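Hi,

Here is the model I said I would pass on.

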Amino acid sequence: MIKVGLIGFGYAAKTFHLPLIEASAAFQLTAISSSQSSLILKRHPALEIYPTALQLIESKCVDLVIITAPNHTHFSLAKAALDAGLHVLIEKPMTHTAAEAMTLCVLAKSRGRVLTVFHNRRWDGDFLTVQKLIANNALGKLKVFESHFDRFRPEVRDRWRENPGLGAGIWYDLGSHLVDQALTLFGAPTSITARLKMLRENSRNVDYFHVQLHYPSHEVILHSSPFSAGPNLRFQLSGTTGSFIKRGLDPQEDQLKSGLLPSAADYGIEANQFHGTLYTNSSSHIEPTLAGDYLAFYHALADAITKGSAVPVDPVSAAQVIHVIEQAVRADREGRTLAFAGL
């Protein structure tokens, strides 16, 4: 049994990690670091509660720490955990800079510890469906890949993701998902063009992005707006023999929030009305969305720790995500398309 220490007790911890840990027989939640000790003990009376993350790490009462604290703490906490000989799972985005991310990769390798990043949306059902369509050449030669994560949030909220700070703002938050999916499909681009804006009244950080990753034979568009009331576009793929259009988000986040267990028969299954449509010049048909499976990430993580198998997300690939994010920030700041050089 892998003993787990959870750092942070916010949205990501409660929505994603706690139910996925509890659904896996390989993990045992042992400790949490949070200031919300009374709330935690009501729900988890047998846990060890530490007031600070460093106290949890230094206790060495766990094998694996999961870092869900604000983004600007990811590097320092992951480094401390690796130095303490612990395995580490970091919520996305991995770190604020690619240099920090690569430092962690080198440190994990030297310590012989597992390091990975929770890019869970590689296991979204719609993304798995898109992967299948591309692999099967269902669209011919792909020419344009468009990926959206739009929401209707026209008013600024007082929370760390929207306030000024390292690694905050929607480009680091939702953008890291879209960048990771694009790199998983296509690898590194040749150049980047970006528009990162604060469009809402009283906005204090980036709340809109429109980023283009340029490849030799196709274009990738990554987009997020806080002014999209829906039904929102998720994917639009265009190729030489057809196109695919998909609206709506993967259901797993809402299912986990509602208390649906990953073991439920309908977990990860998208409602029929949200399935995408594959179009050709002469016909169209509904393309059923494959089942999503965030728990597959935790299964792979357990195998990586106990059997030495590949980690579910290579930390170097997560560092490359941060490198793309940084390059897009620079491209926006300089108002030009930047040639992209890998790490």
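This is a predicted model: local features need pLDDT of at least 70, side-chain atom pairs count only at pLDDT 80 or more; totals for chains, interfaces and linings use all residues.

Local features need pLDDT of at least 70 and side-chain atom pairs count only at pLDDT 80 or more, while totals for chains, interfaces and linings use all residues, and side-chain values use heavy atoms, with hydrogens and water left out.

Helices first. Helices (H or I, at least four residues) and strands (E, at least two) are DSSP runs numbered from the N terminus. Axes are lines fitted to C-alpha atoms, for helices over the stretch in contact, and angles run from 0 to 180 degrees between N-to-C directions. H4 (residues 74-83) packs on H5 (residues 98-111) at about 10°, and their axes are 10 Å apart. That makes H4 roughly parallel to H5 (angles under 35 degrees count as roughly parallel, over 145 as roughly antiparallel, 65 to 115 as roughly perpendicular and the rest as oblique). On the H4 side, Phe 75, Ala 78, Lys 79, Leu 82 and Asp 83 are in contact (heavy atoms within 4.5 Å) with H5 residues, including Leu 104, Leu 107 and Arg 111. By class, this contact has six nonpolar, one polar and four charged residues (Ala, Val, Leu, Ile, Met, Phe, Trp, Tyr, Cys and Pro count as nonpolar, Asp, Glu, Lys and Arg as charged, and the others, Gly among them, as polar).

The other pair is H6 (residues 125-135) with H7 (residues 170-186), at an angle of about 25° and with axes 11 Å apart. H6 and H7 are therefore roughly parallel to each other too. Phe 127, Val 130, Gln 131 and Ile 134 of H6 meet Gln 181, Thr 184, Leu 185 and Phe 186 of H7.

On a 1 Å grid over the protein atoms alone, a cavity is a set of points where a 1.4 Å probe fits but cannot get out, and a pocket is an open set with protein on both sides within 12 Å along at least five of seven lines; lining residues have an atom within 4 Å of a point. Grid points are joined across faces, edges and corners, and a volume is the space filled by probe spheres set on the points.

The largest pocket has a volume of about 800 Å³. It is lined by 34 residues, and Arg 121, Phe 149, Arg 151, Leu 249 and Glu 253 are the closest to its centre. Its lining holds twelve nonpolar, five polar and 17 charged residues. The second largest pocket comes to about 320 Å³. Gly 8, Phe 9, Thr 68, Ala 69 and Pro 70 are the closest to its centre, out of 24 lining residues.

How many cavities of 30 Å³ or more are there? The search of the whole structure finds one. The largest cavity holds about 180 Å³, and among the residues closest to its centre are Arg 151 and Asp 207. H7 gives the most to its lining, with three residues.

Last, the backbone. Lys 92 to Pro 93 is a cis peptide bond with omega near -10°, and Pro 93 is in the loop between E5 (87-91) and H5. Gly 230 and Pro 231 are also joined by a cis bond, with omega about 0°. Asn 137, in the loop between H6 and E7 (142-148), has a positive phi near 55°.

Cheers

Technical notes. Residues are numbered from 1 along each chain as its sequence is written.
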